Amino acid sequence: MTELAYLASIDDGYVRTFRARVVALPPGGVVLDRTYFYPTGGGQPADRGTLAAEGRAAVEVVDVTKSGPAVIHRLKGGAAGRAELTVGDEVDGTIDWERRHRHMRLHTGQHFVSGRLFARAGRRTRKASFSGARATLELDGPLEASVLTSVAGDVHDVTAAPRPVTIRHLPRAEWDRHPLSARSGLVPLAPQVDPVRVIEIEGSDLCPCGGTHLRSTGEIGELAFEPPLPLGDGGTRVVFSLKADEPARPA
Ligand SMILES: [Zn+2]
């Protein structure tokens, strides 16, 4: 069982270094008692970084996956990398922040964009994923290209005049009685999800999500949208990318 320490609060998504204990060494990987490494899921790629036991060489984490209640940190060099670690070791974990912050910008940008697409055109986002500096969304119906021009303007505005992003945890029964977001349903909530982790962009969007997000829309920066692509089933693919590597500093 690995505690997903990055889930608790927005600020926990900004933790770049942490200490944890090795609880298992399955083939090619390391299981810790707690981690701030994000494991692949919900369209967001895994973090990378390093793990280092005191007095030993740091080993590179090249992938992170969930396996039941455990998070497996996969190491460069497989068994050779694992040789630097022993069950019971305290290790220092370091997250590749440039990569993680890019995912946070894409992910928070996607929440905002999905909220605006619903508000402006009534389109729900049924799927979203991130890779490199690009986000790919699938909407549940057709979309005029002019809507994306307007949404790009909305992103510009919310970067220039930042709004806070917050997390709340609601009991599942309460969420089922009063889902706070008309557009949510990106991925249907699994029955065991309780409490529901809701990400709120003040005044513009609410959505249940287990990913990592910015604390302010000011860090999103300008987004470049590709023309909307009609899909065979009547839906639309929307792709956007971050215009600059680091336009906005963490607040
Ligand atoms: Zn999210």
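How many bridges join strand β2 (residues 17-24) and β3, and do the two pair in the parallel or antiparallel sense?

Analyst: This is a predicted model, in which local features need pLDDT of at least 70, side-chain atom pairs count only at pLDDT 80 or more, and totals for chains, interfaces and linings use all residues. Residues are numbered from 1 along each chain as its sequence is written, and side-chain values rest on heavy atoms, with hydrogens and water left out.

Strand β2 (residues 17-24) and β3 pair in the antiparallel sense over two bridges. Two strands are said to pair if DSSP finds at least two bridges between them. Strands (E, at least two residues) and helices (H or I, at least four) are DSSP runs, numbered from the N terminus. In general, strands of a sheet pair through backbone hydrogen bonds, either parallel or antiparallel.

Within this pairing, Val22 has Leu32 in β3 as its bridge partner. The two strands form a hairpin with four residues between them. In its turn, Gly28 has a positive phi of about 80°.

β3 also has a second pairing. Three bridges join β3 (residues 29-32) to strand β7 (residues 70-75), and these strands run antiparallel. Gly29 stands opposite Arg74 in β7, while Val30 has His73 in β7 as its bridge partner.

In a regular strand, the side chains alternate between the two faces of the sheet. Both faces of β3 are covered: Gly29 and Val31 lie on one side, Val30 and Leu32 on the other, and all are buried. Buried means under 20% relative accessible area, exposed means over 50%, and partly exposed lies in between (1.4 Å probe, protein chains only).

These pairings belong to a closed arrangement. Six strands close into a barrel in the order β2-β3-β7-β6-β5-β8, with antiparallel pairing. From one strand to the next, the twist averages 50°. For such angles, axes are lines fitted to C-alpha atoms (for helices over the stretch in contact), and values run from 0 to 180 degrees between N-to-C directions.

β15 (residues 229-230) and β16 pair in the antiparallel sense over two bridges, and Leu229 has Arg237 in β16 as its bridge partner. Five residues lie between β15 and β16 in their hairpin, where Gly234 in the turn has a positive phi of about 95°. β16 is joined to β10 by six bridges, again antiparallel, with Thr136 and Val239 as bridge partners. β14 and β16 pair in the antiparallel sense over three bridges, and Leu223 stands opposite Leu242 in β16. Five of the seven residues of β16 are buried, so that β16 counts as mostly covered.

The largest nonpolar core has 31 residues, and those with the most contacts inside it are Val113, Leu117, Leu137, Leu223, Phe225 and Phe240. Such a core is a set of buried Ala, Val, Leu, Ile, Met, Phe, Trp, Tyr and Cys residues joined through side-chain atoms within 4.5 Å. Among the elements that give two or more residues to this core are α2, β10 (134-139), β14 and β16 (236-242). α2 supplies the largest share, six residues. Contact means heavy atoms within 4.5 Å; Val113 touches Leu137, Val151, Val155, Leu223, Phe225 and Phe240, not counting residues up to four places away in sequence. Apart from this core lies another, of 22 residues, including Phe18, Tyr38, Ala46 and Leu51.

The zinc ion is coordinated by His107 (NE2), His111 (NE2), Cys209 (SG) and His213 (NE2), at 2.0 to 2.2 Å. His111 in helix α2 (residues 97-121) and His213 in the loop between β13 (205-208) and β14 (223-225) are 102 residues apart and link distant parts of the chain. Both His111 and His213 are buried. Donors are N, O and S atoms within 2.8 Å of the metal (3.2 Å for Na, K and Ca); water is not among the atoms, so sites may look incomplete. With angles of 99 to 122° among the four donor atoms, the zinc site is tetrahedral, a label given to four donors if all angles lie between 85 and 135 degrees.

His103 is also found in helix α2. Its relative accessible area is 1%, and therefore His103 is buried. Under the same exclusion of residues up to four places away in sequence, His103 touches Gln44, Pro45, Ala46 and Gly132.

Conventions
Four donors count as tetrahedral if all angles lie between 85 and 135 degrees; four count as square planar and six as octahedral if opposite donors are over 155 degrees apart and all others between 65 and 115; anything else is irregular.
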